[in-house]
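Welcome! Please take a moment with the sequence and the 3D view below, and then we can walk through some parts together.

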Amino acid sequence: MNATDMGGDLQQVLITQEQIERRLDEMAAQIDADYEGRDLLLVGVLKGAVYVMADLSRRLRRSVPMDWMAVSSYGSGTKSSGVVRILKDLDADITGRDVLIVEDIIDSGLTLSWLMGNLGSRGANSVETATLLRKPEAVRVEVDVKYVGFDIPTEFVVGYGLDYAENYRNLPFIGTLSPSVYES
Ligand SMILES: O=P(O)(O)OC[C@H]1O[C@H](OP(=O)(O)OP(=O)(O)O)[C@H](O)[C@@H]1O
Ligand code: HPA
Ligand SMILES: [Mg+2]
């Protein structure tokens, strides 16, 4: 799908597919170097991180197990409720393992700070995070993000896993929506 197929829904393409792919190459190379010889487990946060997980993990030069959690704080709106609910927990025991949380976006930082606390309390050897996107608001919450693809402005974005009311996840780029989409 491209921007033209979106009719009037899309306001602007912020990050192109090519830019995303180049950045994921760099992030994967860094992760390969940092986790060499370690018991790495990738933990994807459903549903938004599906595309980042697929494209980042395939760039790693090692076989790596992955597990998934589903948490939700946004529902169908554009603001975090601040209340994080576990919808699906991990299958794996993470005791003693080096966990890398894979996220699509750190926005208010509330989801990630809750997740890092939750996974940290389960006896992992380390818990770090790789995210494709981060907004400036995230720095307000005390949370350390090791791998960041792009810092973006404070605007609601969609695509590459990110949704508005469950739509637009399958756009291969990151974009903003026309105000008319929110108003309708
Ligand atoms: O930093 P925060 O303000 O907490 O926002 C970031 C979180 O919000 C989104 O998930 P959402 O709850 O929308 O679930 P989804 O991935 O299923 O869309 C996103 O995928 C992150 O997990
Ligand atoms: O900007 C965003 N877009 C879509 N989902 C989100 N979840 C947190 N921030 C966002
Ligand atoms: Mg969402």
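Valine 71 stands opposite isoleucine 86 in β4. The model is predicted: local features need pLDDT of at least 70, side-chain atom pairs count only at pLDDT 80 or more, and totals for chains, interfaces and linings use all residues. Residues are numbered from 1 along each chain as its sequence is written, while chains are lettered from A and ligands numbered from 1 in the order in which they are written.

Strand β4 (residues 85-88) pairs with β3 in the antiparallel sense, over three bridges. Strands here are DSSP runs of E of at least two residues, helices are runs of H or I of at least four, and both are numbered from the N terminus. Two strands pair if DSSP finds at least two bridges between them. β2 and β3 run parallel and are joined by five bridges; leucine 46 has alanine 70 in β3 as its bridge partner.

## Helix α3

Which residues of helix α3 are buried? They are Leu110, Thr111, Leu112, Leu115 and Met116; buried means that 20 or more other C-beta atoms, placed from the backbone, lie within 10 Å of the residue's own. Their cover includes β2 (40-46), β3 (66-72), β5 (98-106) and β6 (126-134).

## The open sheet

Three strands form an open sheet in the order β1-β9-β8, with antiparallel pairing. Its edge strands, β1 (10-15) and β8 (157-158), each pair on one side only. Two bridges link β8 to β9 (residues 174-177), and valine 157 has threonine 176 in β9 as its bridge partner.

How values were computed: Buried ≥ 20, exposed ≤ 12 C-beta atoms within 10 Å, placed from the backbone. Contact = placed C-beta atoms within 7 Å.
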